[in-house]
Amino acid sequence: MKTLFLLPFMLLVMLGMQACSSDDFQEDTEDVDSNGIDTGEAETKMLVAYFSATGTTRGVANRIAELIGADTYRIRALEPYASNPYDDSDRIQDEAYNNRRPEVSNLPENLDNYDIIFVGSPIWWHYPAMVVCTFLESYDLEGKTIIPFFTYGANTYFQQSVDKIHEVTSASVHLRAFGSTRSTSGVENWLHEIGMLAAN
Ligand SMILES: Cc1cc2nc3c(=O)[nH]c(=O)nc-3n(C[C@H](O)[C@H](O)[C@H](O)COP(=O)(O)O)c2cc1C
């Protein structure tokens, strides 16, 4: 009699256990990649790639990386620029106005690990430093999310520079770019606005 009374309750417990274990199984299989390796928690990998001659863009890059927990990569030109890049103004103008592709000395082998790539540059003669375009065109970035950011003296050529990054990553998804004169103020707000940082 006692067993009969408990039977519906035991059935409910068993059904509950079944539902729970099938959910757990689904979560586990989602984290296993095609090689059968357990990749652990599904995690979006982010990279902050940037070029910087005098350190301003580097400051913004480091702030972004610090806030979102991304890796960083500094693009370096095979033929380095003068330590005061204004001494290389003719070269830089020629590269920008003639859409040249200066070689990169330290290209990563691939960017397969990264789904989201922030791309930073100073504005040099109305465009991104062309070595940044060389970097971007070295990879198949189809479907990856590209988020440009710039530092500059004045924001006159900000949109033109954003357009250039979009042009050389036309198969990518783009989020709203960031620009600043010197400081990193505004970076945190912008990351919130584009959904890269959760609300406090
Ligand atoms: C050769 C040269 C050309 C520049 N051209 C522009 C420009 O067209 N528009 C602008 O707003 N700033 C221009 N700047 C200023 C830089 O964009 C600004 O100083 C930037 O923050 C430098 O970044 P970095 O310290 O990361 O190298 C130029 C600077 C140099 C050296």
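This briefing covers the fold, cores, helix faces, pockets and cavity of one predicted model. Residues are numbered from 1 along each chain as its sequence is written, and side-chain values use heavy atoms, with hydrogens and water left out. Because the model is predicted, local features need pLDDT of at least 70 and side-chain atom pairs count only at pLDDT 80 or more, while totals for chains, interfaces and linings use all residues.

**Overall fold**

- The chain has 6 helices and 7 strands, taken as DSSP runs numbered from the N terminus (helices: H or I, at least four residues; strands: E, at least two).
- Along the sequence these elements follow the pattern α-β-α-β-α-β-β-α-β-α-β-β-α.
- Of the 200 residues, 38% count as buried, where buried means under 20% relative accessible area, exposed over 50% and partly exposed in between (1.4 Å probe, protein chains only).
- Among contacts (heavy atoms within 4.5 Å) between residues at least 6 apart in sequence, 74% join residues at least 24 apart.

**Nonpolar cores**

- A nonpolar core is a set of buried Ala, Val, Leu, Ile, Met, Phe, Trp, Tyr and Cys residues joined through side-chain atoms within 4.5 Å.
- The largest such core has 32 residues, and those with the most contacts inside it are Phe 51, Ile 75, Ile 117, Val 131, Val 132, Phe 135 and Leu 136.
- Strand 1 (46–50), strand 3, helix 4, strand 5 (145–151) and helix 5 (158–168) each supply at least two residues of this core, and the largest share, 6 residues, comes from helix 4.
- Leaving aside neighbours within four places in sequence, Phe 135 is in contact with Ala 49, Tyr 73, Ile 75, Val 104, Leu 107, Pro 108 and Leu 111.
- A second, separate core of 20 residues includes Ile 68, Ala 70, Ile 116 and Ile 147.

**Helix faces**

- In helix 3 (89–97), the buried residues are Arg 91, Ile 92, Glu 95 and Ala 96.
- Seen down the axis of helix 3, these buried residues fall within an arc of 130°, so they line one face of the helix; the arc is that of the directions from the helix axis to the C-beta atoms.
- The cover over the buried residues of helix 3 includes strand 3, strand 4 (127–128) and helix 4 (130–136).
- In helix 5, Phe 158, Ser 161, Val 162, Lys 164, Ile 165 and Val 168 are buried.
- The buried residues of helix 5 fall within an arc of 155° when seen down its axis, so they too line one face.
- Strand 3, strand 4, helix 4, strand 5 and strand 7 (178–180) pack against the buried residues of helix 5.
- An α-helix has 3.6 residues a turn, so residues three or four places apart point the same way.

**Pockets and cavity**

- On a 1 Å grid over the protein atoms alone, a cavity is a set of points where a 1.4 Å probe fits but cannot get out, and a pocket is an open set with protein on both sides within 12 Å along at least five of seven lines; lining residues have an atom within 4 Å of a point.
- Grid points are joined across faces, edges and corners, and a volume is the space filled by probe spheres set on the points.
- The largest pocket holds about 540 Å³ of space.
- Its lining has 22 residues, and Tyr 86, Pro 122, Ile 123, Trp 124 and Gly 153 lie nearest the centre of the largest pocket.
- Helix 2 (56–68), helix 3 and strand 3 (116–124) each supply at least two residues of that lining, with strand 3 giving the most, 3 residues.
- The lining of the largest pocket divides into 11 nonpolar, 10 polar and 1 charged; Ala, Val, Leu, Ile, Met, Phe, Trp, Tyr, Cys and Pro count as nonpolar, Asp, Glu, Lys and Arg as charged, and the others, Gly among them, as polar.
- The second largest pocket has a volume of about 200 Å³, and its lining has 7 nonpolar, 2 polar and 2 charged residues.
- Residues lining the second largest pocket include Phe 51, Arg 74, Ile 75, Arg 76 and Tyr 81.
- The structure holds 1 cavity of 30 Å³ or more.
- Tyr 81, Ile 92, Glu 95, Ala 96, Trp 124, Pro 128, Ala 129 and Met 130 line the largest cavity, and helix 3 gives the largest share, 3 residues.

**Positive phi values**

- Trp 125, in the loop between strand 3 and strand 4, has a positive phi near 50°.
- At 34% relative accessibility, Trp 125 counts as partly exposed.
- His 126 lies in the loop between strand 3 and strand 4, and its phi is positive, near 75°.
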